Amino acid sequence: VAVTGSSGVAAAAGLYRYLRDFCGCHVSWSGAQLRLPDPLPRLRAEIRAAAPGRYRYYQNVCAQSYSFAWWDWARWEREIDWMALSGINLAPAFAGQEAVWQRVYHNLGLNQSEIDKYFTGPAFLAWNRMGNLRRWAGPLPPAWHLKQLYLQYRIVERMRSLGMTTVLPAFAGHVPQGILQVFPRMNATRLGSWSHFDCTYSCIYLLDPEDPMFQVIGTLFLKELIKEFGTDHVYSADTFNEMTPLSSDPAYLSRVSNAVFRSMTGADPEALWLMQGWLFQHQPDFWQPAQVRALLHGVPLGRMIVLDLFAESKPVYQWTESFYGQPFIWCMLHNFGGNHGLFGTVEAINHGPFMAWRFPNSTMVGTGLVPEGIEQNDMVYELMNELGWRQEPLNLPSWVSRYAERRYGAPNAAAAGAWRLLLRSVYNCTGVCVNHNRSPLVRRPSLHMDTELWYNASDVYEAWRLLLSASTELGSSPTFRYDLVDVTRQAAQQLVSNYYLDIRSAFQSHALPELLTAGGVLVYDLLPELDSLLSSHSLFLLGRWLESARAVATSDWEAEQYELNTRNQLTLWGPSGNILDYANKQLGGLVLDYYGVRWSLFVSVLVESLNSGHPFHQDEFNQAVFQVERGFVYNEKRYPAVPTGDTLEISRKLFLKYYP
């Protein structure tokens, strides 16, 4: 069988199509199933395929911090190979940019301590790059810069060798405060604070678009970057990500985007600006049609590509006349914060791109996958990648049955049935769906927690039963074991909500025995059992996360800093729980020592309240529980990076105890 393509990516996508559709193989983040038939199937006739759009884009700027922060070259290489097999031909290459910025800042006259007050720690760089955050969890050690430069050389070389277009970072207008001491007449204004941070770690300076230094800094940086890594002429910059501009005057907004674009063309006359369209749907009150049009039209038509970042739930192209003529990519965001939790909007992604192609005067040029965090919900990404090559929607129930067979390497009626149930329930959120895991399991306990589901909980319990029944036949498959952990974890997450409701109603009706029973089962049995399930699989281990961070370090001091970066991002997300639990994960070690300890405190405070007759005060509890949360970040406990226990046995034990 010969596979050819117009580029390395096209050929790789053709190869994967042959492996998938004719050999029954599967490749995903959680594992590969590559049992090839012998002999290899021959094709009766030539098969030709062309994608409907020029681009298939992948990566979210936030994923650089939520998922890629601690990757070594081996992990990057695996990802780039997966990208090629998936047909991705446009993607950012953002590593090492701080090393180049540091060089530029030194050349402009900043000293190291001023630079150190600007860069965040590695786990928070995504938000430093977008002008949201400075200094928090920093500074960046010199060895970090060297390692990231080395990675970036290999990343761009590998991506280009496969025919991918790399997207490099450009200057968006944000500057360190120290630069104002070197150039006191520079016209820069402090932006407001970001999210729940105050000006200690946010309120970054934005250079006025008319200030001549805007072009000097932007062009200096890009020339330095291009000298270092070469270029494919596509650049990324986000000036107003979740930040309200200083003025809503359309003329001002046009001047800003024009200044950003001119600083690109000053270094590369062929520059094309790739911009995230998140801001338009994130702050719709500010970004009215006149403001959107002004920002987009500050750049010549066709020299900007907008990522319609959350198109499966909140498409922007529909209310902006297809971005007022600028090309756009229809993107599936799907995941926030890298949270675990089964989720999908399969009907929206099965039809959305085709509706966008047919939109009047559509300027759509491709499809994209832009999750904030990866290594979750493989099925949704396999589906979206396949849709990027199709001319019409798929028949989803039959597609998912074939998916189960390929993923596990054998047909199995129970497994296929489980997947069809998941497809119609957890994976079929309709309307405006935001996949942020708000389960009580991973949120700070209170008496007002959200337990609403967008699906029928019984479908997940039944899928769990069906998968377990398939375990005698499929139990040796690594991808099956991963899915069994994931579905059991989802069922346990639902059970936590049930026990929470029992705890709340027992407390509100002053029923101490019922409170002790429900609280006791949750804290002393269900959560420890869930923790032992997660600890049985390497991809659900807290120890693996922490080890990958420590492995990047070149000294004990760095290892401590990187581990604290990771622990903080997973939990408090800031010094005082500023974006608490935004990046929650369900990991063996984290469930027991973080979520479990919180729940234990909550139950004991409620019991104490009933015993003493003193009312429960959320504010007092929050102060007490913050000490527990902070205690986890700094506990210095080493967690195993190797799994223990038998996944199948633990899942079966949980099932026998808890299946409703």
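Strands β7 and β8 (residues 205-207) pair in the antiparallel sense over 3 bridges, where two strands count as paired if DSSP finds at least two bridges between them. The model is predicted: local features need pLDDT of at least 70 and side-chain atom pairs count only at pLDDT 80 or more, while totals for chains, interfaces and linings use all residues. Residues are numbered from 1 along each chain as its sequence is written, and side-chain values use heavy atoms, with hydrogens and water left out. Helices (H or I, at least four residues) and strands (E, at least two) are DSSP runs numbered from the N terminus.

**Sheet**

- β7 and β8 belong to an open sheet of 3 strands with the order β6-β8-β7 and antiparallel pairing.
- β6 (174-175) and β7 (188-190) are at the edges with a single partner strand each, so one side of each has no neighbour in the sheet.
- T189 stands opposite L206 in β8.
- Strands of a sheet pair through backbone hydrogen bonds, either parallel or antiparallel.

**Helix pair**

- Helix α14 (residues 346-358) packs with helix α15 (residues 378-387) at an angle of about 15 degrees, and their axes are 10 Å apart. Axes are lines fitted to C-alpha atoms, for helices over the stretch in contact, and angles run from 0 to 180 degrees between N-to-C directions.
- α14 and α15 are therefore roughly parallel to each other, a label given to angles under 35 degrees.
- The crossing of α14 and α15 is right-handed (the near helix is turned clockwise from the far one by less than a right angle).
- V346, I349, N350, P353 and F354 of α14 meet M379, V380, L383, M384 and L387 of α15 in this contact, with contact meaning heavy atoms within 4.5 Å.
- Of the residues in the contact of α14 with α15, 9 are nonpolar, 1 is polar and none is charged. Ala, Val, Leu, Ile, Met, Phe, Trp, Tyr, Cys and Pro count as nonpolar, Asp, Glu, Lys and Arg as charged, and the others, Gly among them, as polar.

**Backbone geometry in loops**

- Most residues other than glycine have a negative phi, and most peptide bonds are trans.
- The D38 to P39 peptide bond is cis, with omega near 0 degrees, and P39 is in the loop between β2 (31-33) and β3 (55-58).
- G138 and P139 are also joined by a cis peptide bond, with omega about 0 degrees; P139 is in the loop between α6 (125-129) and α7 (142-161).
- E242, a residue other than glycine, has a positive phi near 55 degrees and is found in the loop between β9 (234-236) and α10 (250-265).

**Annotated spans**

- UniProt (unreviewed entry) lists "domain: Alpha-N-acetylglucosaminidase N-terminal" at residues 1-41; UniProt positions follow the numbering used here, feature names are shortened, and annotations may be inferred rather than shown by experiment.
- Residues 1-41 are 34% helix and 15% strand, with end C-alpha atoms 8 Å apart.
- The same record type, an unreviewed UniProt entry, gives "domain: Alpha-N-acetylglucosaminidase tim-barrel" for residues 56-391.
- Residues 56-391 are 41% helix and 13% strand, and their end C-alpha atoms are 14 Å apart.

Definitions and conventions: Parallel < 35°, antiparallel > 145°, perpendicular 65-115°, else oblique.
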